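Hello,

Here is the structure I promised to pass on to you. Please open it first, and then read my notes alongside it.

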Amino acid sequence: MSALFISDLHLSEQAPENTRALLSLLTGPARGVGTIYILGDLFEYWAGDDDSDSPLNREIGTAFAAVAAAGTEIVFVAGNRDFLVGDDFARRAGMTIASDPTLIELDGRRVLLTHGDMLCTDDHAYQTFRRQVRDPSWQEAFLRRPLVERKQVIEGLRRHSETAKQEKPQEIMDVNAGAVDALLRAHDYPVLIHGHTHRPARHLHEVDGHVCERWVLSDWRGTATGLLWDGAHFQPCP
């Protein structure tokens, strides 16, 4: 069974070229894929499923639902931008929400999927923030606030994040090798696929005598990019 892995589309009204690239993918090549795995940051931000009827969000949900209705399975793993995507939007879009990380099997190969931000353990401030916003109690309280207020908070967090990035050394925003090795060890040395860092590459990790592949997905910059499993091999696309 073929599979396509994508991440870091960062869809927003300010980046219509990424929306066009996704719609082109979904109405064309994606129709022949068994499963599409979205490994987070599908959206630039997600304020809650009660925002599903905004023009962009409705368009994306409808496009995914059409692909799902045609027989392609869609699996979503939340990213650091869209961790508030919930069951209501998933139902509308015909997708299944999977945990982070989640382990799958492709034609006998064990593959571990994660957005990737959990592996950036050298960024201590971010990991503290991540633990806070991934806490179900925090999310429940946040989603009770009015949508307009939530969007204002998110916009403030986005501005703060962009400022903080300029002040952080580049290396602490990449994955920590020890964290990668620990994750591979904990899941019995699978192939690892993730996004988040915007540093697409194929890496080999030797962990306890096992050689493990790690594929890093690209972010989107007006062109649909991803990793394709053709039933026997992984290959970046396009």
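Below is what I found, starting with the whole protein and ending with single residues.

First, a word on the source. This is a predicted model, in which local features need pLDDT of at least 70 and side-chain atom pairs count only at pLDDT 80 or more, while totals for chains, interfaces and linings use all residues. Residues are numbered from 1 along each chain as its sequence is written, and side-chain values use heavy atoms, with hydrogens and water left out.

**The whole protein**

Along the principal axes, the C-alpha trace spans about 50 × 45 × 30 Å.

Of the 238 residues, 49% count as buried (under 20% relative accessible area; exposed is over 50%, and partly exposed is in between, with a 1.4 Å probe and protein chains only). Among contacts (heavy atoms within 4.5 Å) with a separation of 6 or more, 66% are between residues 24 or more positions apart.

**Strands that pair**

Two strands pair if DSSP finds at least two bridges between them. Strand E1 (residues 3-6) runs antiparallel to strand E10 (residues 226-229), and three bridges join them. Here alanine 3 stands opposite tryptophan 229 of E10.

E10 also pairs with strand E11 (residues 234-237), in the antiparallel sense and over four bridges. In this pair, leucine 228 stands opposite glutamine 235 of E11. E10 and E11 make a hairpin with four residues between them, and glycine 231 in the turn has a positive phi of about 105°.

**Two cis peptide bonds**

Following E11 is a segment that holds proline 238. The bond that joins cysteine 237 to proline 238 is cis, with omega about 5°. Another cis peptide bond runs from aspartate 100 to proline 101, with omega near 5°. Proline 101 sits in the loop between strand E4 (96-98) and strand E5 (102-106).

Aspartate 107 is in the loop between E5 and strand E6 (109-114). Its phi is near 50°, a positive value in a residue other than glycine. How accessible is aspartate 107? Its relative accessible area is 46%, so aspartate 107 is partly exposed.

Tyrosine 189 also has a positive phi without being glycine, at near 65°. You will find tyrosine 189 in the loop between helix H7 (177-186) and strand E7 (191-194). With 21% relative accessibility, tyrosine 189 counts as partly exposed.

**A glutamine in a helix**

Finally, have a look at glutamine 139 in helix H5 (residues 136-143). Is glutamine 139 buried or exposed? Its relative accessibility is 17%, so glutamine 139 counts as buried. Leaving out residues up to four places away in sequence, glutamine 139 touches Phe83, Leu84, Val133 and Arg134.

Enjoy exploring it!

Best wishes
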